[in-house]
Amino acid sequence: MITSLLIANRGEIACRIIRTARDMGIRTVAVYSDADAKALHVRQADEAVHIGASPARESYLVGEKIIAAALATKAEAIHPGYGFLSENAEFAQAVIDAGLIWVGPRPASITAMGLKDAAKTLMAAAGVPVTPGYMGENQDPAFLAERADEIGYPVLIKAVAGGGGKGMRKVDAAADFADSLASCQREATASFGNAHVLIEKYIQRPRHIEVQVFGDTHGNIVHLFERDCSLQRRHQKVIEEAPAPGMDEATREQLCAAAVKAAKAVDYVGAGTIEFIADASEGLRADRIWFMEMNTRLQVEHPVTEEITGVDLVEWQLRVASGEPLPKRQDELSINGWAMEARLYAEDPAKGFLPSIGRLEFFELDGSVRIDTGVYQGSDVSPFYDPMIAKMIAHDRDREEAMQSLAWALNDSKIWPVKNNAAFLINALEHPDFASGNVDTGLLQRAGDALIPDEAIIGDDLARSAEQYTNQPIAGFRLNRERNQKAILSVNGVATVIEIPIFDYVDPRPFVFSQEPPTGFFQTGNGQTWWIEPYRYIGGAHAGAHDGDILSPMPGRIIAVEVTAGQAVTKGQKLLTLEAMKMEHTLTAPFDGTVAELNAVAGAQVQVEALLVRIEAAE
Ligand code: ADP
């Protein structure tokens, strides 16, 4: 067994590999870029070597630096994780040539499966069903258009060197073929340096089903059943599960046998995945499932297979790389229950899923499910790498329970101020088609904006949590039972006036907030997290104040005024920015109306409760 291992990766997968290596008593060496100097994988490894600047092409993609780091630290083996250099046959060969052990398949297997056209040709020859299409050398546009006609529209043009959902064009009609081909080739050249394409039948109601395979150096190959990764956004996996919903035993047997045949055709060693595409318009049928491609590495979604089989796939990788035979025979492997994984991303669903970078001031995930993460509270999400911050994996008796456990755990996510997709994931899990297992790769696109979470916090929830936080009845001052129970709170830095439900307290009690930092608290729910600063209560003390009076919630300085007297404003429109307690606070219009009075001047100091703006409601 190897005794030391360098992990040529970062983030959650580096941490995942370190965990198993440590359990096996293997010394671990991390590599890191400038941006990752304080990253979790660096902290967890026994040793860490700095390999360059933050951009991956200056660090994680520089094979020589990684091999040099392994030699310098006397690591015996290199595990590439996924992404980066994991499917780079030249790097694998260089590792071997340096006298190190490569934790992965033979370089020749990587090459054989590297290009989609060559892989399909090889698979077809081995008797594995492949998606109908043209995968030859001739790249003449007119010739390719003829092939598309033969295949029948819609077709998919795919860059043979493509990956990560890039370099694909769906074409619905012959008239669009030439343009789509040109644009696909441009993207392929720019992204992969290879303009070569293949043409495939576009599968209707496609489901993405893949099979985990494993080979050793003694000629054994087994499969570890299937995963369903059909829930995708722009061809990228969002939620994965194992087994696949609707898969019967006979179909599973045929599918997994085809996967083993595919792995045997390339003499496969180590962990690999055979990806298939299924036409699920009439359920899953063995004669409607075709080979798509092989990934010659560990997959992001490998944990769902680990959960249902009880196998530690990283342990198997390390054993196989050390020359040991596979720990289990095919007949010793079976499916136990159901597992579901959600990919938690630092991204903003409300802004087109734009990556959200910055410090994770608050980061706590519900440990009732398995969590594979590469970040911690206080670490930075950098713009240099994939913004996935964690994977949450539920394992239960059946699909329904796994789905529920995952939704519950996501619901409890406490992440701030970095935006994330937890609430979106919950919405996706709760979509009726997903919940019933009636999923295909187009589901998320069809569901569209309906799954984008609403970020507005509900006043009642806020009042309730404010009450809990302060341990005080929020009814506070009450003068003559007037219904002016209001509080100004800052939600994620934006001041909000909320109505407080009226409770029947006899004694007027002040709503006390801590004056010392920390000045606020977190409110979480539905996978969202808000930072709440309950400035002060303006109930009875301002019985005479009008609804549209915008008072200064605390002493501070006006740093910007966004409106002028007489201007029409809409609810939520930014009125001015106040700097107080070293933070900027935005005050917004409580309803549609006009600016009836404007006392705020940029640069001016203001006292607490000073009337800054008065909004008169629109008729
Ligand atoms: P990549 O290497 O970029 O991941 P794949 O070939 O694995 O590309 O395809 C990615 C996704 O694109 C699949 O999971 C599936 O959703 C969709 N897809 C691929 N081929 C087809 C096809 N022939 N018909 C319909 N959808 C397809």
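I started at Pro243, which sits in the loop between E12 and helix H9 (249–265). Helices here are DSSP runs of H or I with at least four residues, strands are DSSP runs of E with at least two, and both are numbered from the N terminus. The peptide bond leading from Ala242 into Pro243 is cis, with omega near 0 degrees.

Housekeeping before going on. I am reading a predicted model, where local features need pLDDT of at least 70 and side-chain atom pairs count only at pLDDT 80 or more, while totals for chains, interfaces and linings use all residues. Residues are numbered from 1 along each chain as its sequence is written, and side-chain values use heavy atoms, with hydrogens and water left out.

**Whole chain**

I looked up the totals: 16 helices and 35 strands. Of the 619 residues in the chain, 55% are buried. Buried is under 20% relative accessible area, exposed is over 50%, and partly exposed lies in between (1.4 Å probe, protein chains only). I also checked contacts, meaning heavy atoms within 4.5 Å. Among contacts in the chain with a separation of 6 or more, 66% join residues 24 or more positions apart.

Most residues other than glycine have a negative phi, and most peptide bonds are trans. So I listed some exceptions to that. Another cis bond runs from Tyr153 to Pro154, with omega near -5 degrees. Pro154 is in the loop between H7 and E7.

Phe225 has a positive phi near 70 degrees without being a glycine. I found Phe225 in strand E11 (residues 221–233), and it is buried because its relative accessible area is 9%. Phe353 also isn't a glycine, yet its phi is positive at about 60 degrees. Phe353 lies in the loop between strand E16 (347–348) and strand E17 (354–355), and its 11% relative accessibility makes it buried.

**Helix H7**

Which residues of H7 (residues 141–151) are buried? I noted Leu144, Arg147 and Ala148. Down the axis of H7, these buried residues fall within an arc of 100 degrees, so they line one face of the helix. That arc is taken from the directions from the helix axis to the C-beta atoms. Their cover includes strand E6 (133–134), strand E7 (155–159), helix H8 (177–192) and strand E9 (197–201).

**Cores**

Next I looked for nonpolar cores: sets of buried Ala, Val, Leu, Ile, Met, Phe, Trp, Tyr and Cys residues joined through side-chain atoms within 4.5 Å. The largest has 39 residues, and Ile239, Met340, Leu344, Leu410 and Leu429 have the most contacts inside it. Elements giving two or more residues to this core include strand E12 (236–242), strand E15 (338–345), helix H12 (399–411) and helix H13 (422–429). A second, separate core has 32 residues, Ala77, Phe214, Leu313 and Leu326 among them.

I followed up on Leu410. Leaving out residues up to four places away in sequence, Leu410 touches Ala342, Leu344, Met392, Ala422, Leu425, Ile426, Leu429 and Gly527.

**Helix pairs**

How do H12 and H13 cross? Their axes come within 9 Å, at roughly 155 degrees. The axes are lines fitted to C-alpha atoms over the stretch in contact, and angles run from 0 to 180 degrees between N-to-C directions. H12 and H13 are therefore roughly antiparallel. Under 35 degrees counts as roughly parallel, over 145 as roughly antiparallel, 65 to 115 as roughly perpendicular and the rest as oblique. In H12, Met403, Leu406, Ala407, Leu410 and Asn411 meet Ala422, Leu425, Ile426 and Leu429 of H13.

I then turned to H3 (residues 63–72) and H4 (residues 89–97), which pack at about 25 degrees with axes 10 Å apart. That makes H3 and H4 roughly parallel. Gly63, Ile66 and Ile67 of H3 meet Phe91, Ala94 and Val95 of H4.

**Two loop residues**

Is His431 buried or exposed? His431 counts as buried, at 16% relative accessibility. I placed His431 in the loop between H13 and helix H14 (432–435). Beyond its neighbours within four places in sequence, His431 contacts Leu443, Ala447 and Leu451.

Ser334 is in the loop between helix H11 (313–321) and E15, and at 47% relative accessibility it counts as partly exposed. Setting aside residues up to four places away in sequence, Ser334 touches Phe225, Ile308 and Thr309. Ser334 and Ile308 are 26 residues apart in sequence but 7.9 Å apart in space, C-alpha to C-alpha.
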